Amino acid sequence: MKVTVGVCGGIAAYKAAELVRTLQKQALDVHVVMTEAAQHFVQPLTFAALTGHKVITGLWDMPESADADAASSIEHMDAAQSTDALVVAPATANVLAKFAHGVADDFLSTLYLATTAPVIVAPAMNVNMWQHPATQANLEVLANRNVRVVAPESGYLACGMTGAGRLAETETILEAVLSVLHHRNDLAGETVLVTAGGTREALDPVRFLGNRSSGKMGYAMAEAAQRRGARVILVSAPTALRGPANCEMVPVVTTQDMRDAVLSRLDQATIIIKAAAVADYRARVPADQKLRRSGPLTLELEPTEDILAAVVERRRPGLLVVGFAAETEDVLAHGRDKLLRKGADAIVLNDVSREGVGFDSDRNAVTFLTRDRAIELPEMNKRELADHILDETLRLRRPLQVLAETDADLPVTSGD
Ligand code: PMT
C-alpha cells in the first residue's frame with residue numbers, strides 16, 4: 001500500500017524522517033511531499049534517499065517519469081491521488097487553516113483537496129498557536145470532515161515554552177495510519193441501512209411532536225460505512241444535514257414512513273444501524289385545521305409501532321441489527337432492558353443527561369452494549385465514534401459466546 005507523507009515547515013520536520021522509516025518497516029510504499037517552508041528545515045534529499053522516490057516539493061517541479069514537456073503538476077496529482085492515505089506530520093497551524101478553508105496554493109494543499117484517500121494530520125506548533133481559537137476551530141472543521149487528528153503532546157517545546165504542541169510520538173502516528181488503512185474497504189460487499197434524525201408526528205397542519213435529534217450521529221454512521229466501502233441506504237427523518245454523496249437517501253417524516261422505508265429495504269441490508277430517535281407516540285387523530293389556543297388542551301396519543309422490533313421479527317440469518325438508546329437515568333439498566341426486549345444484537349447507549357454530548361452535539365460518548373459485554377467508548381467526535389461503533393459491530397460477526405440471559409452484572413470494558 002502507498003502512503004504519502006506531507007511535511008510542513010516546523011522544527012519537528014526532522015521527525016518526519018523517523019516516521020517515514022517506521023512506515024516503511026510496515027512494508028508501506030512511502031512517498032513524500034514537502035511544503036516550501038519544510039525545505040528550510042530538512043533537505044528533500046533526506047526523504048528521497050529514505051524512500052527511493054523523488055520528493056514532490058512544488059506544483060511545478062518535474063516528476064520522476066516526466067520529459068521536459070510533461071504537464072508536471074497533473075502527473076504529480078495522478079501519482080499522489082493513487083495514495084491509500086495522506087499523513088501530514090508535522091502539520092502547522094498554517095496548513096490546518098489552508099485545509100480547513102480549501103486554499104490550494106501549493107502541492108500539499110492541492111493534494112488535500114484532490115485526494116479521496118483518508119487524511120491524518122499530526123499537528124506540531126507553539127502552545128499559544130495550538131490553543132488559539134482559530135486553530136481549534138480549523139481542527140473542528142477538519143475533524144467533522146473525517147480528517148483524523150493525532151493530537152500533539154505536552155512538554156517542553158522548541159520555542160522555549162512548555163505546554164501542548166509537541167508532535168505526537170511516531171508510534172502514535174503509526175497507529176493512526178494503520179487504523180485508517182485497516183478500515184479501508186473493510187465493509188466492501190456490505191449494504192448498511194442507517195436510520196437518522198427524529199421522526200415527526202403531526203398534531204395539526206402546523207405543529208408536530210418531535211425530539212431533539214439533529215441526525216448528526218446517524219449521518220456520521222452512514223458516512224463512515226460508505227468511506228469503508230459499504231453500499232449505504234440512509235433513511236432520514238428531517239434534518240439540516242447533507243447526506244454523503246453516492247448513498248441512497250430515503251427522506252421520511254413520520255414513524256410510519258420510516259417503518260415502511262426500512263421494512264421494504266430489509267432484504268437488501270446486511271447491517272442495520274438504527275440511530276434515529278423515533279417518536280413513540282402520535283396523535284390518535286391529528287387536527288385538520290390549526291389548533292386554536294383556548295385554555296387547557298388534552299391530546300389523545302397512541303403508541304407508534306416499534307420499527308426495531310419489527311426488523312428483528314423479520315430478520316434473516318446473518319443480518320446484524322444495532323439499535324441506539326438515549327437515556328437520562330439508570331442508563332445501563334434501561335439499555336440492557338431495551339437490548340433484551342427488542343432483540344437487537346447490540347444497543348449503542350447514550351447518556352443524554354451529560355453536558356456536551358448526545359443530541360445535536362458534534363461529540364458523543366456511548367456504551368456499546370451486547371448481551372455479554374458493555375464496551376465504553378469515551379467522548380470523541382461523532383465521526384470518529386462512528387468508526388468505533390462499526391468496528392464493534394463487525395466484531396459481532398465473530399463466533400459469539402452463547403450466554404444465558406442472566407441478571408448477572410455485565411463486564412464493562414474500554415473500547416480500543
Ligand atoms: O441525532 P443526534 O442529534 O446526533 O443525536 C443522536 C441520538 C442521541 C439521537 C442517537 O444517538 C440516539 O441515541 N438515538 C436513539 C434515540 C432513542 O431514544 O431511542 P429509543 O430509546 O426511543 O429507542 C431505542 C431504539 O429503538 C432506537 O434504535 C430507535 O431507533 C428504535 N425505535 C424506537 C421507537 C420506535 N417506535 N421504533 C424504533 O425503531
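Start by selecting strand 13 (residues 271-274), where both faces are covered: Ile271 and Ile273 on one side, and Ile272 and Lys274 on the other, are all buried. Buried here means under 20% relative accessible area, with exposed over 50% and partly exposed in between (1.4 Å probe, protein chains only). In a regular strand the side chains alternate between the two faces of the sheet. Strands (E, at least two residues) and helices (H or I, at least four) are DSSP runs, numbered from the N terminus.

A word on what you have loaded: this is a predicted model, in which local features need pLDDT of at least 70 and side-chain atom pairs count only at pLDDT 80 or more, while totals for chains, interfaces and linings use all residues. Residues are numbered from 1 along each chain as its sequence is written, and side-chain values use heavy atoms, with hydrogens and water left out.

**Neighbours of strand 13**

Two strands count as paired if DSSP finds at least two bridges between them. Click on valine 192 and look across to its bridge partner in strand 13, isoleucine 271. Now bring in strand 16 (residues 320-327), which also pairs with strand 13 in the parallel sense, over 4 bridges. Here isoleucine 273 has valine 322 as its bridge partner in strand 16.

**Charged pairs**

How many salt bridges does the structure hold? There are 27 salt bridges, each being a side-chain nitrogen of Lys or Arg within 4 Å of a carboxyl oxygen of Asp or Glu.

Select aspartate 391 and arginine 228: they form a salt bridge whose closest N and O atoms are 2.7 Å apart. This pair links distant parts of the chain, 163 residues apart, with aspartate 391 in helix 13 (residues 382-395) and arginine 228 in the loop between helix 9 (216-227) and strand 11 (231-236).

Glutamate 392 is buried at 4% relative accessibility, whereas arginine 395 is partly exposed at 27%. Then select Asp186, Arg227, Arg228, Asp387 and Asp391 together: salt bridges that share partners join them into one network.

For another pair, go to glutamate 248 and arginine 231, with closest N and O atoms 3.0 Å apart in their salt bridge. Both partners are partly exposed, glutamate 248 at 29% relative accessibility and arginine 231 at 38%.

**Where the domains meet**

Finally, colour domain 1 (2-183) and domain 2 (191-414) separately; these bounds come from an automatic or database domain assignment. Their centres, taken over C-alpha atoms, are 37 Å apart. The contact (heavy atoms within 4.5 Å) takes 6 residues from domain 1 and 8 residues from domain 2.

About 740 Å² is buried between the two domains, with carbon and sulfur atoms giving 36%; this is the accessible area (1.4 Å probe) that two parts lose on being put together, summed over both. Zoom in on Asn144, Asn146 and His183, which supply 71% of the area that domain 1 buries against domain 2. As a last stop, note that 0 salt bridges are found across this interface.
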